[in-house]
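Student: Could you walk me through this structure? I would like to begin with how its parts are arranged.

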Amino acid sequence: MQEKQQRLFDAAQDIFQELGFKKTNIAKITQRAGVAVGTFYRFYNSKEEIFLEVYQTENERIKQAVLEDNDLTEDPHVLLPKIMKELMQKATNSLVLQAWYVNPKLKQLIADDPATQEDYLYSTLLQLIEQWQKRDLIQNDMTIDRVRQLFEAVMVIDNHQDELPVGDFEQLMNDLIEGILQRILKEP
């Protein structure tokens, strides 16, 4: 990244995290970065474009932090619910990641952008599945594609949680994950 582009990105990252997407504008970003508004448009076409870059970086940062804070060799029945809870908590505390849940326009932009489609929760699950396969924990009749498909169904539910009846969503996710783990993992 060029120096001015990096300053714009850093400023945007800070402001999106402080104010959220809606209250952030290009003028605030350029002012914080110490560059002219015209400079912004040399690197980005819109506030949405820079937001997607910030969103992707925040996803990766949170995923790595959670993975580094946990023992990935722990029993999957204990590890996965713990990791999912941590990821959900961190998402709740991030105005950048919250924007995905509350802004339908951003939700669609993220869904349409191949670089940001794979969210932190899904990509974390994929890493864990690969680890479990290497450790020979997955049942012989379960293909990796089938395991991924089961977890993709959970991600669809997560992405559409606002369409579900009111209830304890965290408990629902825990129940689904536990059921999937019982199906895909070998008996201890």
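Tutor: Let us begin with a definition: axes are lines fitted to C-alpha atoms, for helices over the stretch in contact, and the angles between their N-to-C directions run from 0 to 180 degrees. Please also keep in mind that this is a predicted model.

Student: Okay, so at what angle do α9 and α10 cross?

Tutor: Helix α9, residues 144–159, and α10 have axes that cross at roughly 175° and come within 11 Å. Angles over 145 degrees count as roughly antiparallel, so α9 is roughly antiparallel to α10.

Student: Which residues of α9 and α10 meet?

Tutor: On the α9 side they are R146, V147, L150, F151, V154, I157 and D158. On the α10 side they are F169, L172, M173, L176, I177, I180, L181, R183 and I184. By class, this contact of α9 with α10 has 13 nonpolar and three charged residues, with no polar ones.

Student: What about α5 and α10, how do their axes cross?

Tutor: The axes of helix α5 (residues 76–92) and helix α10 (residues 169–184) cross at roughly 150° and come within 10 Å. These two helices are therefore also roughly antiparallel to each other. The crossing of α5 past α10 is right-handed.

Student: And which residues make that contact?

Tutor: From α5, the contact uses P76, H77, L80, P81, M84, K85 and M88. From α10, it uses E170, M173, N174, I177, E178, L181 and Q182. The contact of α5 with α10 divides into eight nonpolar, three polar and three charged residues.

Student: Stepping back, how many helices and strands are there in the chain?

Tutor: The protein chain has 10 helices and zero strands. Its C-alpha atoms fill a box of roughly 60 × 35 × 25 Å along the principal axes.

Student: New topic: how much space lies in the second largest pocket?

Tutor: That pocket holds about 280 Å³ of space. It is lined by 15 residues, and M88, Q89, T92, F169 and E170 are the closest to its centre.

Student: Which helix gives the most to that lining?

Tutor: Helix α5 gives the most, with seven residues. At least two residues each come from α5, α6 (95–102) and α10.

Student: How does the lining divide by class?

Tutor: The lining of the second largest pocket has eight nonpolar, five polar and two charged residues.

How values were computed:
Residues numbered from 1 in each chain as written. Predicted model: local features only at pLDDT ≥ 70, side-chain atom pairs only at ≥ 80, totals over all residues. Heavy atoms only, no water. Helix = DSSP H or I, 4+ residues; strand = E, 2+ residues; numbered from the N terminus. Parallel < 35°, antiparallel > 145°, perpendicular 65-115°, else oblique. Left-handed = near helix turned anticlockwise from the far one by under 90°. Contact = heavy atoms within 4.5 Å. Nonpolar A, V, L, I, M, F, W, Y, C, P; charged D, E, K, R; others polar. 1 Å grid on protein atoms, 1.4 Å probe; cavity = no way out; pocket = protein on both sides within 12 Å on 5 of 7 lines; lining within 4 Å. Points joined across faces, edges and corners; volume = space filled by probe spheres on them.
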